[in-house]
Amino acid sequence: MDHSGKLALVHNGVIENYQPLKRALIEEGHEFKSATDTEVLAHLIGKHYADSAESNGRRLTDAVRNALQEVKGTYGIAVMHEDHPGLIVGARRGSPLVLGIGENEMFLCSDATALAPYTQKVVYLKDFDVVEVRSDEFGIETMGSGDADYEVKRLEFAPEAAELGEFPHFMLKEIYEQPQTIENAIRGRLNPEEASAQLGGLNMTPAQLRDIDRVIVLGCGTALHAGMIGAHMLENMAFVAAETDFASEYRFKNRPLERKTVFFAVSQSGETADTLGAMREARRKGFLALGICNNVGSTIARESDGGVYMHAGPEIGVAATKSFVSQTAILGLLTLCLGRMRQMSASTGREIIQAYEKLPGQIMKILKQNEHIAALAKKYCQAHSMLFVGRQYNYPVALEAALKMKEISYIHAAGFAAGELKHGIIALIDPQTPSVCICPEDSLYEKNISTIQEIKARRGPVIAVATEGDTEIQNHADDVIFVPRTVEMLQPILNIIPLQLLSYHTAVALGRDVDKPRNLAKSVTVE
């Protein structure tokens, strides 16, 4: 609320200069009830409203615009005033704001998914847009008060896609949607005749794709873990130098890079503040920056030079599940595309395509183990800490599985590269600390068995994620979850599924709020 108590504001973002603004307002007699930057913004708009002419019919809108001229930082705001019933004024800079257009009703929100039950028509507002919303009309201007260009779009998904249906939680629903997620990710993108993949949205010619010297994948959290798998795929199978970087770190670096470096910004929402900032920094330096996101109208989708849409449908649960699988699958398609332009043989390309086509059925097979995994969760849910270890492609899976466990169960969990066990991590092993070892029958199987033996020698309980038909693993691990076999580069997609279920059932057993874990937001739109 503002100083008068008549103006109310909701704000997503960070006002960086709120302290000097607050000091100036206090000197003018304003009293604050909180220490938030948001309250300072409310008071600032209220001050401009009080100072403006009473007769001006656009008084509230002008007050918002004038106040924002003094603000440094990011905001997506909606403002109401007691003297202007039936009017909401919205504005954005750096934080997403979406207008929903209904019949005799209008909406403002930060994520279009929330609008699905009410309307399919939306406008994705741009930075420095100001919108006046009434029940039966809206108007969009730029901060300089000129008319803004905008486009009314339709949501990609039906209203029922954002409903629970027969599931108790959105997270479980979205885990079970992953066979369809894979189908959506690869639909129309596999080319069996050329044993390759086609990704037209990249907006690059075959010659440009072939000339790429380095790929850098930018992301945060789950998206970064998918990017780590993608970078490993690109180097191993496509022979392209590739790496990942925390989006939050990259934008503050000054690294020398090859001229033909291409960046991929990976974000489910397409609005992740750090990823968007890193992508803008890459483009500012003259590099090509492409996006992988799930939101066609998002800022990353609009500002990138091209990209790939995930078409995963709405992901409501805060803990990302199907978006990780989709991002990993798309990075695999990129690997197939670039690999076939280099040294990857047609037979290898066809093998990867066949593996992709089998993934939906293989995921369904894993989901049939739901009750077994739920029983394991009950067995281990009282642990105070859990360790997740994997090698090569499965090291990022260990990181992602640990993140899921932390996010929704609040059990301390950490992911490690298995080869690092003896370099300090082994000190954490004890009978009360379960270790989840990702141990497929791949080129490093014997190394992974040695890791399990090291843990067991120190009386640590072991849950193994292993390949179907592996009769040896049960001689070493306390509990085993079996997954189908696929090509090594796609194995992480299958290996993460049971670990998503493990974290879900652990959280349920502990009575946690699975879909809305404490302190977390679905889209991290502030730095």
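Helices (H or I, at least four residues) and strands (E, at least two) are DSSP runs numbered from the N terminus. Contact means heavy atoms within 4.5 Å. Apart from neighbours within four places in sequence, Glu 400 is in contact with Thr 222, His 225, Ala 320, Phe 324 and Ile 496.

The model is predicted, with local features requiring pLDDT of at least 70 and side-chain atom pairs counting only at pLDDT 80 or more, while totals for chains, interfaces and linings use all residues. Residues are numbered from 1 along each chain as its sequence is written, and side-chain values use heavy atoms, leaving out hydrogens and water.

A nonpolar core is a set of buried Ala, Val, Leu, Ile, Met, Phe, Trp, Tyr and Cys residues joined through side-chain atoms within 4.5 Å. The largest one holds 87 residues, of which Leu 202, Tyr 356, Phe 388, Leu 490 and Leu 499 touch the most other members. Helix α11 (residues 322-340) supplies the largest share of this core, 10 residues. Beyond four places in sequence, Leu 499 is in contact with Val 397, Ala 401, Val 436, Ile 438 and Val 465. A second, separate core has 26 residues, including Val 40, Val 79, Ala 91 and Met 143.

An open sheet contains five strands in the order β1-β2-β3-β7-β8, with antiparallel pairing; two strands pair if DSSP finds at least two bridges between them. Strands β1 (7-15) and β8 (137-142) each have a single partner and stand at the edges, so one side of each lacks a neighbour in the sheet. Strand β7 (residues 129-134) pairs with β8 over six bridges in the antiparallel sense, and Val 133 stands opposite Phe 138 in β8. Helix α2 (residues 37-51) lies across β1 and β2 (73-81) and runs at about 130° to β1. Axes are lines fitted to C-alpha atoms, for helices over the stretch in contact, and angles between N-to-C directions run from 0 to 180 degrees.

Two charged ends sit over rings, as tabulated here; the criterion is NZ of Lys or CZ of Arg within 6 Å of the ring centre and within 35 degrees of the ring normal.

| Charged residue | Ring | Distance to ring centre |
|---|---|---|
| Lys 22 | Phe 32 | 5.2 Å |
| Arg 59 | Tyr 49 | 3.9 Å |

Terms used: Buried means under 20% relative accessible area, exposed over 50%, partly exposed in between (1.4 Å probe, protein chains only).
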